[in-house]
Amino acid sequence: MQERIIKALAQGGLLSLSVRLLGSIIDERGAVPSYMAYTALLNGLRRSRRTKDMETMLNKLAKAHRQSSGDDVNSGVNVIAFNTYVAALCDAAVEGYESA
């Protein structure tokens, strides 16, 4: 249920609430939410140009994945979520280049 709330908050533009809820799920329960929930959040953060928040969330998610999977090589943050972060970094680089 909380995963759907994370996604709805992110899609509705309430990014700070979505970030806090995702962080509490990871920190308090050590659970790894569905990739659809955190990808929606990362997309919202990308639109808002909050790459630092994206990086923080990805680090928390990666740590939670490692802890829950016991160093399984095939587990980790969803590739779409990671690509969203890379795209946000490219957006920032292109924006800086175009404004110079």
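Student: Is Arg46 buried, partly exposed or exposed?

Tutor: This is a predicted model. In it, Arg46 has a relative accessible area of 30% and is partly exposed.

Student: Which residue forms a salt bridge with Arg46?

Tutor: The criterion is a side-chain nitrogen of Lys or Arg within 4 Å of a carboxyl oxygen of Asp or Glu. Arg46 pairs with Asp91, with the closest N and O atoms 2.8 Å apart. This pair links distant parts of the chain, since Arg46 is in helix H3 and Asp91 in helix H5 (residues 79–99), 45 residues apart. Asp91 is partly exposed, at 37% relative accessibility.

Student: How many salt bridges does the structure hold?

Tutor: There are four. One of them joins Lys60 to Asp27, whose closest N and O atoms are 3.4 Å apart. Lys60 belongs to helix H4 and Asp27 to helix H2 (residues 15–29), so this pair ties together parts 33 residues apart in sequence. Lys60 is partly exposed at 27%, while Asp27 counts as exposed at 52%.

Student: What is the N to O distance between Asp53 and Arg50?

Tutor: Their closest N and O atoms are 2.7 Å apart, and the two form a salt bridge. Asp53 is partly exposed, with a relative accessible area of 28%; Arg50 is also partly exposed, at 25%.

Student: Which residue has a positive phi although it is not a glycine?

Tutor: Most residues other than glycine have a negative phi. Here the residue with a positive phi is Arg49, at about 60°. Arg49 sits in the loop between helix H3 (35–47) and helix H4 (51–69). Its relative accessible area is 62%, and Arg49 is exposed.

How values were computed
Residues numbered from 1 in each chain as written. Predicted model: local features only at pLDDT ≥ 70, side-chain atom pairs only at ≥ 80, totals over all residues. Heavy atoms only, no water. Helix = DSSP H or I, 4+ residues; strand = E, 2+ residues; numbered from the N terminus. Buried < 20%, exposed > 50% of the residue type's maximum accessible area, 1.4 Å probe, protein only.
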